[in-house]
Amino acid sequence: MTTYRICLLPGDGIGPEITAEAVKVLGIIGERFGATFEFSEALLGGAAIDATGTALPDDTLEAAHAADAVLLAAIGGPRWDTTDPEKPRPEQGLLGIRKALGLYANLRPVKIFDALKDASSLKPEYLEGVDMLIVRELTGGLYFGARARETGVPGAATGGGPGMRAYDTLDYREFEIERIARTAFEAARTRRGRVHSVDKANVLESSRLWREVVHRLHAAEFSDVELVDQLVDNSAMQLIRTPAQFDVMVTENMFGDILSDEASMLTGSLGMLASASLGDGTALYEPSHGSAPDIAGRGIANPLAMLLSVELMLRYSFSMHDAADALASAIEGVLAGGWRTRDIADATTLPQKTVGTTAMGDLVVERLRA
Ligand code: IPM
Ligand code: MG
């Protein structure tokens, strides 16, 4: 029997609650598909700041490196919110671990569950044929370029005196653009064969380089894939206007952050969007949503994005495709049965079918057992 080591990073807010559901579901998957999952657990984000003073302790990085895959829930919360650049922030843990593991490719599948068509903020007819994959560059761009805050800058204050100035830099090197474009083109070949490359080439130099590199790679190796350039503001509009036009969308780190939250609403809830972060070594899986501090500890969080992230882990890291398919159809079955967590419930949801985090996990387990 194969043993897979999974490093759990429950993090903050609803993180521990949805992690428990993932562990529960992996238990039954192991039984049914003949694998053993061994778990280690480490601190990240606010929980790590409280315990150690830093958002990404060395032990956490070691545990992540030692594992076959990392499963991260969510980090952050108002408790650690600060604009003081000297204070540690939970997000440093997340960005730090992405960078340290070299996870440059963040894949966010946007898949519509038939049963949830009415939960979407778009009318159901707009969702016909929607099945897209957002490929977000994850270790470069605006998130990782030079940034600073300067004080005493002449003319910076209101009124013209010395004041503060801050900047963040959108910085890309050729190889970073090329490897993420390759990920996108390769993914498109296994799907509907279309890539939208999203940039702001009418304004940004980094986007002009992005476009050049994407087209060069396309001409050299992927001319069988359809390539469409799209400006990011237009993409934001197109996502709502005709979302079915998209197959694979590849884009800069922050553009991808913003567009994936937008795209999640097609599925009805940010609580439905999974993600896989891949690089050259250990991969990391995490829901695209945050730590939802407003509902933390109340047992009502939607664990499905976490479970869909487990599905991606089974596929990409363990090549357990049958198990991944079984998990996907278990989730589909539960939704088709009318079961909803609060975020995806609507006027047609029966009150007795509106369930909490643990019950939703149990329903998925039940279907996996059947
Ligand atoms: C995400 C999140 C993170 C990001 C935050 C929590 C730093 O929004 O994974 O999309 O911006 O990457
Ligand atoms: Mg985000």
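Predicted model: local features only at pLDDT ≥ 70, side-chain atom pairs only at ≥ 80, totals over all residues.

Biologist: Which distances separate polar side-chain atoms of Arg136, Arg98 and Tyr143 from an oxygen atom of ligand 1?

Modeller: For Arg136 it's 2.8 Å. Arg98 has a polar side-chain atom 2.7 Å from a ligand 1 oxygen, and for Tyr143 the distance is 2.5 Å. On its own, ligand 1 exposes 320 Å², and the protein buries 78% of that (areas by the Shrake-Rupley method with a 1.4 Å probe; for residues, only the protein chains shown count as cover).

Biologist: And which residues surround ligand 1?

Modeller: A residue is near a molecule or strand if one of its heavy atoms lies within 4 Å of it. Here the shell is Glu91, Leu94, Leu95, Arg98, Arg108, Arg136, Tyr143 and Asp257. Its largest share, four residues, comes from helix α4 (residues 90–100). Helices (H or I, at least four residues) and strands (E, at least two) are DSSP runs, numbered from the N terminus.

Biologist: Where does ligand 1 lie relative to the domains?

Modeller: Domain bounds come from an automatic or database domain assignment. In this chain they give domain 1 (1–107 + 268–370) and domain 2 (121–266). Both of them supply residues to the shell, so ligand 1 lies between them. The domain centres, taken over C-alpha atoms, are 25 Å apart. Contact means heavy atoms within 4.5 Å, and 17 residues of domain 1 are in contact with 18 residues of domain 2.

Biologist: Next, is Ser235 buried or exposed?

Modeller: Buried means under 20% relative accessible area, exposed over 50%, and partly exposed in between (1.4 Å probe, protein chains only). Ser235 has 0%, so it's buried. You'll find Ser235 in helix α7 (residues 232–241), and its side chain makes a 2.9 Å polar contact with that of Gln230. Beyond four places in sequence, Ser235 is in contact with Val198, Gln230, Phe246, Met249 and Leu259.

Biologist: What about a loop residue, say Ser120: which backbone atoms lie by its side chain?

Modeller: Ser120 sits in the loop between β4 (105–111) and β5 (131–137). A polar atom of the Ser120 side chain lies 3.0 Å from the backbone nitrogen of Leu122 and one lies 3.3 Å from the backbone oxygen of Met265. Ser120 counts as buried, at 8% relative accessibility.

Biologist: How do Gly45 and Ala292 read, buried or partly exposed?

Modeller: Gly45, in the loop between β2 (35–41) and α2 (46–52), is buried at 0%. Leaving out residues up to four places away in sequence, Gly45 touches Asp12, Ala55, Ile75 and Pro90. Ala292 is in the loop between β12 (283–285) and α9 (304–316) and, at 22%, is partly exposed.

Terms used:
Residues numbered from 1 in each chain as written. Chains lettered and ligands numbered in written order. Heavy atoms only, no water. Polar contact = N/O pair within 3.5 Å; in protein donor to acceptor, adjacent residues only side chain to side chain.
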